[in-house]
Amino acid sequence: MGMIFFCSPVVSMFTDHFGCRKTAVSGAAVAFIGLLSTSFANSLILRYFTYGILFGCGSSFAFQPSLVILGHYFRQRLGLVNGVVTAGASLFSMGLPVFLDKLVGPLGLSRTFQILSLFMLVQAVLALTFKPLLPTGGGMGPPGMGPGPAETQTQATAQGMSKWSKAIAGVRKYFNLRVFHIVTYRVWAFGVATAVLGYFVPYVHLINFVNEKFKENNKVWVLLVCIGASSGVGRLGFGKIGDLIPGLGKVYMQVRN
């Protein structure tokens, strides 16, 4: 999960440069390779690379374009649309614990990884349906957050520049820090980064905790199903509420939650 968020700035640049479809398909393919190779890994160190790094980075490249593409089709109800799309993760959070509980026992961990890798192949195929309606690199940010006049002029005269100047112009185009001038964006960026440090702790440790405290319970996965269900309801509900809040004020709602 750390790699999914750690790769976000790089994924944003790739999405701007290559578009949502190519980025998502490539990411899903890398994630498929990561999961498949994990099934053959025979050491924990190797799995740190195949699952943690390879699968994590691939998932990041597959995940973010699936949210960016929504801005190409929806404007007025973008919050609700994001809620509907991300609620899919909640549905899988409800179904996967039951699925894995039935799968790992008889088939083993390696076979389970191979079966899960097929989900990433399906995602790569579905990503082929992305049809961007906005020009690549056009950006989705607020007015005035694109390249400044000096940067635009620099890009227009890039042919007469040195290689170093062209590289600097490219960095300014795809690594635009002007968005940090918006106070609400700074609150959101650093607030969410802090929140996710503990967000996934229940998913990782909840089952072991229940096994230690309530040893007679044989259906500990029910708690993960409940978390997924409540998360899905929250995504849909607050997505709709977000659409009712004008401007960037909805950012504060997310940070407060």
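Student: Which residues make the nonpolar surface patch?

Tutor: A patch of this kind is built from nonpolar side chains that lie within 5 Å of one another and belong to residues with over 30% relative accessible area. In this predicted model, Leu91, Phe92, Phe99 and Phe119 make a nonpolar surface patch of about 400 Å².

Student: Which helix gives the largest share of the patch?

Tutor: Helix α6 does, with three residues. Phe119 is found in helix α7.

Student: How do I read the packing of α6 and α7?

Tutor: Look at the angle and the distance between the axes. Helix α6 covers residues 78-107 and helix α7 covers residues 109-127. They pack at an angle of about 145°, and their axes are 8 Å apart. The crossing of α6 past α7 is right-handed.

Student: Which residues meet there?

Tutor: Contact means heavy atoms within 4.5 Å. From α6 come Phe92, Leu96, Phe99, Leu100, Leu103, Val104 and Leu107. They meet Leu109, Arg111, Thr112, Ile115, Leu116 and Phe119 of α7. Eleven residues of this contact are nonpolar, one is polar and one is charged.

Student: What does Cys57 touch?

Tutor: Leaving out residues up to four places away in sequence, Cys57 touches Met3 and Cys7. Cys57 is found in helix α4, residues 44-68. Cys57 and Cys7 are 50 residues apart along the chain, and 6.4 Å separates their C-alpha atoms.

Conventions: Residues numbered from 1 in each chain as written. Predicted model: local features only at pLDDT ≥ 70, side-chain atom pairs only at ≥ 80, totals over all residues. Heavy atoms only, no water. Axes fitted to C-alpha atoms, helices over the stretch in contact; angles between N-to-C directions. Helix = DSSP H or I, 4+ residues; strand = E, 2+ residues; numbered from the N terminus. Left-handed = near helix turned anticlockwise from the far one by under 90°. Nonpolar A, V, L, I, M, F, W, Y, C, P; charged D, E, K, R; others polar. Patch = residues over 30% accessible without salt bridge, like charges linked within 9 Å, V, L, I, M, F, W, Y side chains within 5 Å. Areas by Shrake-Rupley, 256 points an atom, 1.4 Å probe, with all protein chains shown as cover. Salt bridge = Lys/Arg side-chain N within 4 Å of Asp/Glu carboxyl O.
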